[in-house]
Amino acid sequence: MIKPIRLSQIEGFRTGHAQDPEHATGCTAIICENGAWAGVDVRGGSPASRETELLRPENTVQQIHCVMLSGGSAYGLEAGDGAMEFLEEKGIGFDVGIGRVPIVCGASLFDLELVSSRVRPDKKMGYEACQNAWNRKEPAEGNAGAGTGATVGKFYNTERMMKCGIGIWAGQIGDVKCGAVVAVNALGDVVDYETGRILAGLLNEDHTGFADTRQCMYQELQKTRDLWSGNTTIGCVITNAKLDKNQCRKAAVIAHDGYAQTIRPSHCTVDGDTLFVMASGQVEVAPDAFYAMASEAVARAVNRAALCAAPAYGLKAASDFLP
């Protein structure tokens, strides 16, 4: 049994948000100042990502210092530049002899359709997210950070979608701690990890309940039309476990099961689903058992993203349908 803990109880990591609620966008910085072994798995067909290639196990850099999750589609990758500046000022980075280069990876989701396609997370916002992370406060969930403009249920484009957000869940078994931070912005529906019931997603025509994206897709199985590409669920698993780059990569691959268990359908061609893993390397762990733990943390974080989201921008949220 995994004992729930606060994300801030995982030593060695700092997480913070910055957002622009007026324009429905934001970013989330996850910092490991001493460096974390890391891996990534990009499973969706439409990603926007930064420095994922260096996480290939055969490449030189072994540790990274920050993962930046952001809105703004590919434009939002600029938030990573703010993390670079912040970490450089702190003297954090990969030693290249003449200085230290912060290694900042990242991924962005598409939130340009809600309010303004011209306002996106930028270097200044990324820097602010790092400042907030440095304060070691417990990060907010729902309409915050990279989840500020997140939505779900977009099989019929924006007509019947719902508000979602960013979710956080962390747990501990013995000395091993594992947490997940996930911004959920999916074509499909978010379903309950325990029961499979829909929590948020595609609304029916009169917006009084759920249409069930998968069933609607089946009805169009022999039709051809362009699907809305404004999606992508992005997240990061953090842990104090001892994992090398290969194991972090494998953890990211298997932890995508958490997406598949709670987003129906997931990993579509119009989603850019991406998941990072960061390990600080403090506690011995059985890798396969950890992979299962990480998958559950991701699944529960996805559910939190839906349950913590508040109605906004004229959209309903899961709270509108809860008893």
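These legends walk through several close-up views of one predicted protein model. Residues are numbered from 1 along each chain as its sequence is written, and side-chain values use heavy atoms, leaving out hydrogens and water. Because this is a predicted model, local features need pLDDT of at least 70 and side-chain atom pairs count only at pLDDT 80 or more, while totals for chains, interfaces and linings use all residues.

View 1. Helices here are DSSP runs of H or I with at least four residues, strands are runs of E with at least two, and both are numbered from the N terminus. The C-alpha trace spans about 60 × 45 × 35 Å along its principal axes. Buried residues, meaning those under 20% relative accessible area (1.4 Å probe, protein chains only), make up 57% of the 323 residues.

**View 2. The hairpin of S2 and S3.** Strand S2 covers residues 14–20, and six of its seven residues are buried, so the rest of the structure largely encloses it. Strand S3 (residues 25–42) pairs with S2 in the antiparallel sense over seven bridges; to count as paired, two strands need at least two DSSP bridges between them. Look for glycine 16, which stands opposite alanine 29 in S3. Four residues sit between the strands, and alanine 24 takes a positive phi near 60°.

**View 3. Asparagine 185 in its loop.** This loop lies between strand S12 (176–183) and strand S13 (189–191). Asparagine 185 has 0% relative accessibility, so it counts as buried. A polar atom of its side chain lies 2.8 Å from the backbone nitrogen of threonine 151. The side chain of asparagine 185 also makes a polar contact of 3.2 Å with the side chain of lysine 154. (A polar contact is a pair of N or O atoms within 3.5 Å; within protein, one must be able to donate a hydrogen and the other to accept it, and residues adjacent in sequence count only if both atoms are side-chain atoms.)

**View 4. The largest nonpolar core, with 39 residues.** A nonpolar core is a set of buried Ala, Val, Leu, Ile, Met, Phe, Trp, Tyr and Cys residues joined through side-chain atoms within 4.5 Å. Val184, Val237, Phe290 and Val298 touch the most other members. Helix H5 (287–308) is one of the elements that each supply at least two residues, and H5 gives the most, with 10. A second, separate core of 31 residues includes Leu7, Ala38, Leu109 and Ile166.

Technical notes
Buried means under 20% relative accessible area, exposed over 50%, partly exposed in between (1.4 Å probe, protein chains only).
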